[in-house]
Each structure stands twice: as structure tokens, then as C-alpha cells.
Amino acid sequence: MWDFSTDAEFQEKLDWVSAFVHAEIEPLDLLFPAHDAPYDRDSAVFREVVRPLQEQVKARGLWAAHLPPSLGGMGMGQVQLGLLNEILGRCSWAPMVFGTQAPDSGNAEILAHYATDEQRKEFLEPLLEGRIVSCFAMTEPTGGADPGGFTCTAVREGDEWVINGEKWFSSNARWASFFIVMVITEPENAPYQRHSMLIVPADTPGITIVRNVGIAGWDQPGEGGHAYIRYQDVRVPLENLLGDRGGAFVVAQTRLGGGRIHHAMRTVGMARRALEMMLERAVSRHTQGEILAKKQLVQEMVADSWLELEQFRLLVLQTAWKIDKYHDTHRVRGDIAAVKIAMPTVLKNIASRALQVHGSLGSRTKCRS
Ligand SMILES: Cc1cc2nc3c(=O)[nH]c(=O)nc-3n(C[C@H](O)[C@H](O)[C@H](O)COP(=O)(O)OP(=O)(O)OC[C@H]3O[C@@H](n4cnc5c(N)ncnc54)[C@H](O)[C@@H]3O)c2cc1C
């Protein structure tokens, strides 16, 4: 059966979220624009502005909606999560206010799946309560798309793992209390059984953040949120292993399948916001005696953007629906891959048209794609 309607009770929640995000959170992007600022728990803005907003979300029962009720979440399915995330994706602070920000959401999911009782207490609980943030360190300077090129190792010495190597683009490492690091522990195994996941507290001796790397539009010195990290004789206890020895790919897949579709849901919101800005500009800017919206080329840009966004949104929601139906991201991996491929193209197209319609003002706009 096909049904594109939202039930009235959930729609009421979405309406509240929409009004709350618009009135209370979207202004934070203008007031505190550094894109990694939401992750700095020690900042005054976090304590004085974000914490009270988080309390309102918790009081409404909307905190960490991606998690099951046993972990303090709402246990909503992926379709409902899609409808929620597309509102939260409108601004960079909203996921943090709602406890659904990457990479903490994915890290919480794998900790919930694989952590021992001790690990849950030490790392998962404070993460779920929003007291700390975390980092996922898989990509290396020598290989990202091909994990066969990874070289970071952990060797067992007595009752410790000793880590040596480098990781690249470890998002939010500078704010994180712990890193989940993918390392080679079983070099003699087949390629996909060589790696294990280790939980590494951020203050462990031997960790150096070589530099914090920025992405396009956010590349001012010191602004970057994606760390290049060196691990030199970094020692963690054996019990910091997450999942099985040689089982890192299984753990990573648990995280990446969900993570990708959640990014896509937020991207719908980001693209819609860019489209709305394009529309506002088109009806408010006069040139050569008429508003921009009267120009056929601008109309085409708006129409193309709307079409691409609606098509992408349907693909995302259909994929979410399949995940709900099969409860198995592996079975839906082809759809998730399609969403991942479509996502940057749709956002790039709509954001660049929005910049174009804003003229010189557009060249000042920081694009979060
Ligand atoms: C904003 C952002 C945040 C990130 N956060 C994290 C994080 O928190 N933790 C983490 O571990 N990583 C993170 N990453 C890294 C991300 O996972 C890697 O960028 C990704 O896995 C690709 O690896 P790479 O950058 O080394 O690209 P490469 O491996 O160098 O690949 C470059 C390009 O080559 C092409 N290519 C590669 N393989 C093939 C193939 N088989 N066939 C055809 N073409 C191919 C593709 O176009 C690919 O994009 C982040 C990246 C970004 C942009």
C-alpha cells in the first residue's frame, strides 16, 4: 500500500519542531556562524543558549529521536525520522539542540550495539546525555575510499593495545572526549577481517592533532573541524576494543548505512532552505523595472530546483520506508548508495542557483555543502 500522508499526532510534533527551529535555532547560524561551533561544549553560547534549548526539546520528548526508547530516544521509524531531520537540516545548530548530530549519533548507535557494560557507562551514557562529543577516525591520508590502503596499526603488548599511524578528516576531534579509531590488529587476515575498532580517550598521551582542516567556505585558519591526527605509541587497555577483533568492517557498516541516510534527510532541509532563500530574493529584488521572479531564466532556476528537490526527497523517504520495512540497511544498500550519490549533486545545483540569484550578495554567502 502506498500512502504519503503524515498522521495527525506526528504532524503536530513536526509543526512544533518547525516553529521552534525557525524562531529559536535558525538565528544561531547568523549569530554564531563557525560551522563547528555547535561542538564546543565549553563555550558560553553552548552553556547559556544551547543547553536551555536542549531542555525544551527533552521536555517535549523529542531528544535523540534516532535512538530506541531503551536508550532515551523516541524509537521512531526512519520515515518519521526523515520528516524530522529535514527540518533539523535547515541549520547547523538544530541537530545539536535535538541530540541527533553526526558523528555522535552514529557513534552512539555502534556503542549501543557493541559496547560492553563498562564501555556503555564510561562513553555511551555521557554521550547520550549530551555532556560530551565524540569522533570517528577511519579515513587515512593514504586511503579513504579504499580501506585496503589503511596503515594505522595497533599491536598487543601485555594488557594494552599500542597504536601507531595517522588518520585524516576525523571530524570534531578537537572537541571530542573520545575517538573510535579503526586500526589493523590482524595483518595476516583477509583484507576485510584485518581491522578492529578501539575506543581511545582524547587525552591519551601520544595523540597529536597535526592540524584542523576546513572544508570549502570554512577554511579560515583555526576554523577547520576535521582533524589530521597522528598516533604515536598511543596505549589503551585491551578492554577498549569495540566489537570483535578483526570485526571493524561489521561495526563500520552498522554506522555508515544509517549515517548516510540521516545525512541525506538533513540535506533535504539544507536544499529547501537554499530554495526558500532563492524565492525570497526572486520576489524582493528589482532590476530593469521588474522583480527577478519575472525573468524567465530565474523562473527556470526555481523550477529546476523544486523538481530536483522533490525527486531527491522522494528517493530519501522511499529508502527510509524500505529500511523500516526490512529492518536491514544491508538489504537496502543499493538504495542508500543511490541516495548518497544524488545528495551532493542536488545540494550543489540548488545552492549554486541560490547564490547566482543573490548576485554579489551570493558571493558573500557561506555554503555549507
Ligand atoms: C565533511 C567530511 C567529513 C568527514 N568526516 C569523517 C570522519 O569523521 N571520519 C572519517 O574517518 N572520515 C571522514 N571523512 C572522510 C570520508 O570518509 C572520505 O573522504 C571518503 O571515505 C573518501 O576517501 P578519500 O577522501 O581518501 O578519497 P579517495 O579515496 O582519494 O577517493 C577520491 C575519489 O576517487 C574516486 N574513486 C575512489 N575509488 C574509486 C573507485 N573504486 N572507482 C571509481 N572512482 C573511485 C571517487 O570519486 C572518490 O571520491 C569526511 C569527509 C568529509 C568531506
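Is N172 buried or exposed? N172 is buried, because 23 other C-beta atoms lie within 10 Å; a residue counts as buried at 20 or more such atoms, as exposed at 12 or fewer and as partly exposed in between, with C-beta atoms placed from the backbone. The structure is a predicted model, in which local features need pLDDT of at least 70, side-chain atom pairs count only at pLDDT 80 or more, and totals for chains, interfaces and linings use all residues. Residues are numbered from 1 along each chain as its sequence is written.

The overall form of the chain comes next. The protein chain has ten helices and ten strands; these are DSSP runs, numbered from the N terminus, with helices (H or I) of at least four residues and strands (E) of at least two. The C-alpha atoms fill a box of roughly 80 × 50 × 45 Å along the principal axes. The radius of gyration of the protein chain is 21 Å, which agrees with the value near 21 Å that a compact globule of 369 residues would have. This radius is taken over C-alpha atoms, and the globule rule is 2.2 Å times the number of residues to the power 0.38. Of the 369 residues, 41% count as buried. Among contacts between residues at least 6 apart in sequence, 70% join residues at least 24 apart, a contact being a pair of C-beta atoms, placed from the backbone, within 7 Å.

The protein chain is divided into domain 1 (8-101), domain 2 (134-246) and domain 3 (250-364), with bounds that come from an automatic or database domain assignment. The centres of domain 2 and domain 3, taken over C-alpha atoms, are separated by 32 Å.

Not counting residues up to four places away in sequence, L198 touches A154, W161, I163, V181, V183, V236, N240, L241 and L242.

Beyond its neighbours within four places in sequence, I207 is in contact with A202, I229, Y231 and V234. I207 and R245 are 38 residues apart in sequence and, C-alpha to C-alpha, 22 Å apart in space.

Helix α5 (residues 104-114) is mostly covered, with eight of its eleven residues buried. These are D104, S105, G106, N107, A108, E109, I110 and L111. The elements that cover them include α6 (117-128), β1, β4 (178-184), β8 (241-242) and α7 (248-284). P103 is placed in the loop between α4 (94-98) and α5, and the peptide bond from A102 to P103 is cis, with omega near 0°.

Most residues other than glycine have a negative phi, and most peptide bonds are trans. F169, in strand β3, has a positive phi of about 60° although it is not a glycine. F169 is buried, with 20 other C-beta atoms within 10 Å. N172, in the loop between β3 and β4, likewise has a positive phi, near 65°. W175 is also placed in the loop between β3 and β4 and counts as buried because it has 21 C-beta neighbours inside 10 Å. Leaving aside neighbours within four places in sequence, W175 is in contact with Y39, D40, R41 and V133. The C-alpha atoms of W175 and I132 are separated by 8.4 Å, although the two residues are 43 apart along the chain.

The ligand has 14 residues around it, of which M138, T139, G144, A145 and S171 come nearest; a residue is near a molecule or strand if its C-beta atom, placed from the backbone, lies within 6 Å of it. The elements that give two or more residues to this shell are β1 (134-137) and β3 (160-171), and the largest share, three residues, comes from β3. By class, the shell has seven nonpolar, six polar and one charged residues. Here Ala, Val, Leu, Ile, Met, Phe, Trp, Tyr, Cys and Pro count as nonpolar, Asp, Glu, Lys and Arg as charged, and the others, Gly among them, as polar.

How values were computed: Two residues are in contact if their C-beta atoms, placed from the backbone, lie within 7 Å.
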